[in-house]
Amino acid sequence: MDFDLTEDQLALRTGANDVLDDLASPARVRAHTTTDAAFEPALWTAMVEQGWLGVEVDETTGGLGLGSVEVAVLVEELGRHAAPVPFVPIVLALDALRTAGVDAWVDAWVERLLNGDAIACVAWDPGAPVPYAPSADIAIVVTDDGVYATELGDAASGGRPRREPAMDLTRELGWLHFDPATSRRLGGPEARTRLLDRGATFTSADLLGSATRALDMSVEYAKDRVQFGRPIGSFQAVKHRCADMLVDVEGMRSTVYWAAWCIGAGDPDASVAASTAKIWCGDASKRVMASALQVHGGIGFTWEHDLHFFLKRAQLDQLAFGDASAHRGRLAALLRPRVEAGESVV
């Protein structure tokens with residue numbers, strides 16, 4: 001079996017990287033964090049024009065007709081640039097709406113989201129702040145019994161929440177008020193499982209991108225930083241740090257793309273793969289970021305260093321759609337029937 005990305009997927013990654021190197025450079029991201037804008041407008045326009053928002057939507061509806069692996073490719077690159085755009089929430093919202101059934105209300109929102117005329121946010125936990133809620137036009141809310149959609153900005157929904165202070169300056173946060181009486185139910189437990197699997201997988205892809213960038217920055221710094229007359233990368237302790245980071249990043253990559261493939265293929269192990277990815281990526285990203293700080297030394301601990309974009313982004317991603325501890329419990333519950341039946345869990 002060939003576990004590598006296809007030529008088309010690699011071309012998608014290259015094209016995305018070219019766009020993001022220009023429109024989500026460290027200088028642009030830093031400039032964005034000094035504004036009150038919800039997202040970087042030039043990058044947003046480029047994403048809409050290139051059809052990124054509809055990467056999974058069939059071509060007859062105005063999308064690219066690709067799959068979840070291609071979404072993961074784009075999310076990884078967005079994470080590697082700490083791009084300040086609400087890509088994952090819109091991809092999740094589009095899927096939740098499109099799988100809920102076809103009617104005029106759903107069609108109207110799908111069209112608005114695809115065209116970049118509306119912003120969506122996704123609330124995976126009623127007790128947690130929601131990225132992009134202060135600017136969202138529609139919220140997809142996960143509850144214990146299913147998935148709901150709430151239109152924001154009107155009196156019935158209580159309006160958009162105010163923007164709250166956050167460590168991750170690349171994404172705005174707000175506390176979302178949810179009232180089932182003013183919301184539309186999109187689906188039950190199956191819709192909830194689908195959204196959580198996809199959210200955990202794509203958030204893990206964002207963690208992968210951040211960790212990859214932190215590793216690259218650390219290796220480059222270890223080559224350039226001279227101490228005691230030698231590049232610090234020549235010292236064994238630094239070599240071991242970087243080697244451990246690489247092992248973690250490659251493990252993250254394997255779990256992310258396994259989960260993305262399972263989701264796209266409708267594999268029965270999709271939930272197992274999604275939770276595995278969130279567990280590994282949540283834990284591994286903590287180790288990678290900690291090592292990146294150590295390799296960079298004193299400069300890495302300053303908020304003015306670009307490494308902090310990825311450190312802070314990872315801290316929010318580690319909690320999104322359930323942290324590693326929550327997914328360990330979920331994975332145990334998923335695998336327990338197999339263990340009790342004497343079946344293999346691998």
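## Helix packing, buried residues and a tilted ring pair

The structure holds four aromatic pairs. This is a predicted model. One of the pairs joins Trp124 and Phe321: their ring centres lie 5.2 Å apart and their planes meet at 35 degrees, so the pair is tilted.

Trp124 is buried, with a relative accessible area of 14%. Phe321 is buried too, at 8% relative accessibility.

Most residues other than glycine have a negative phi. Phe321 has a positive phi of about 60 degrees, although it is not a glycine. Ala82 also has a positive phi, of about 50 degrees, and is not a glycine either. Ala82 lies in the loop between α4 and α5. Ala82 is buried, with a relative accessible area of 0%.

### Helices α4 and α5

Two packed helices are described by the angle between their axes and the distance between the axes. The axes of α4 (residues 68-80) and α5 (residues 87-98) come within 10 Å and cross at roughly 160 degrees. That makes α4 roughly antiparallel to α5. The crossing is left-handed. On the α4 side, Val71, Leu74, Val75 and Leu78 make the contact.

Why do residues three or four places apart point the same way in an α-helix?

### Helices α1 and α3

Helix α1 (residues 7-23) packs on helix α3 (residues 41-49) with axes 10 Å apart, at an angle of about 160 degrees. The two are therefore roughly antiparallel to each other. Is the crossing of α1 and α3 left-handed or right-handed? α1 passes α3 in a right-handed crossing. Val19, Leu20 and Leu23 of α1 meet Ala42, Leu43 and Ala46 of α3. This contact divides into six nonpolar residues, no polar and no charged.

### Glu77 in α4

Glu77 is found in helix α4. Glu77 is buried, with a relative accessible area of 3%. Not counting residues up to four places away in sequence, Glu77 touches Arg13, Ala16, Asn17 and Leu20. Glu77 and Ala205 are 128 residues apart in sequence, and their C-alpha atoms are 8.7 Å apart in space.

### Helix α10 and Asp317

How many of the 11 residues of α10 are buried? The number is 10, so α10 is largely enclosed by the rest of the structure. The buried residues include His308, Phe309, Phe310, Lys312 and Arg313. They pack against α2 (26-32), α4, β2, β5 (173-174), α7 (189-224) and α9 (270-296).

Asp317 is placed in α10 and is among its buried residues. Its relative accessible area is 3%. Leaving aside neighbours within four places in sequence, Asp317 is in contact with Arg171, Thr203, Asp206, Leu207 and Lys278.

### Thr61 and a summary of accessibility

Thr61 is found in the loop between α3 and α4. Is Thr61 buried or partly exposed? At 41% relative accessibility, Thr61 counts as partly exposed, because buried means under 20% and exposed means over 50%. Thr61 and Arg336 are 275 residues apart along the chain, and 41 Å separates their C-alpha atoms.

The table gathers the residues described above.

| Residue | Relative accessible area | Class |
|---|---|---|
| Ala82 | 0% | buried |
| Glu77 | 3% | buried |
| Asp317 | 3% | buried |
| Phe321 | 8% | buried |
| Trp124 | 14% | buried |
| Thr61 | 41% | partly exposed |

Methods. Residues are numbered from 1 along each chain as its sequence is written. This is a predicted model: local features need pLDDT of at least 70, side-chain atom pairs count only at pLDDT 80 or more; totals for chains, interfaces and linings use all residues. Side-chain values use heavy atoms; hydrogens and water are left out. Axes are lines fitted to C-alpha atoms, for helices over the stretch in contact, and angles run from 0 to 180 degrees between N-to-C directions. Helices (H or I, at least four residues) and strands (E, at least two) are DSSP runs, numbered from the N terminus. Angles under 35 degrees count as roughly parallel, over 145 as roughly antiparallel, 65 to 115 as roughly perpendicular and the rest as oblique. A crossing is left-handed if the near helix is turned anticlockwise from the far one by less than a right angle, and right-handed if clockwise. Contact means heavy atoms within 4.5 Å. Rings of Phe, Tyr and Trp (its six-membered ring) pair if their centres lie within 6.5 Å; planes under 30 degrees apart count as stacked, over 60 as edge-to-face and the rest as tilted. Buried means under 20% relative accessible area, exposed over 50%, partly exposed in between (1.4 Å probe, protein chains only). Ala, Val, Leu, Ile, Met, Phe, Trp, Tyr, Cys and Pro count as nonpolar, Asp, Glu, Lys and Arg as charged, and the others, Gly among them, as polar.
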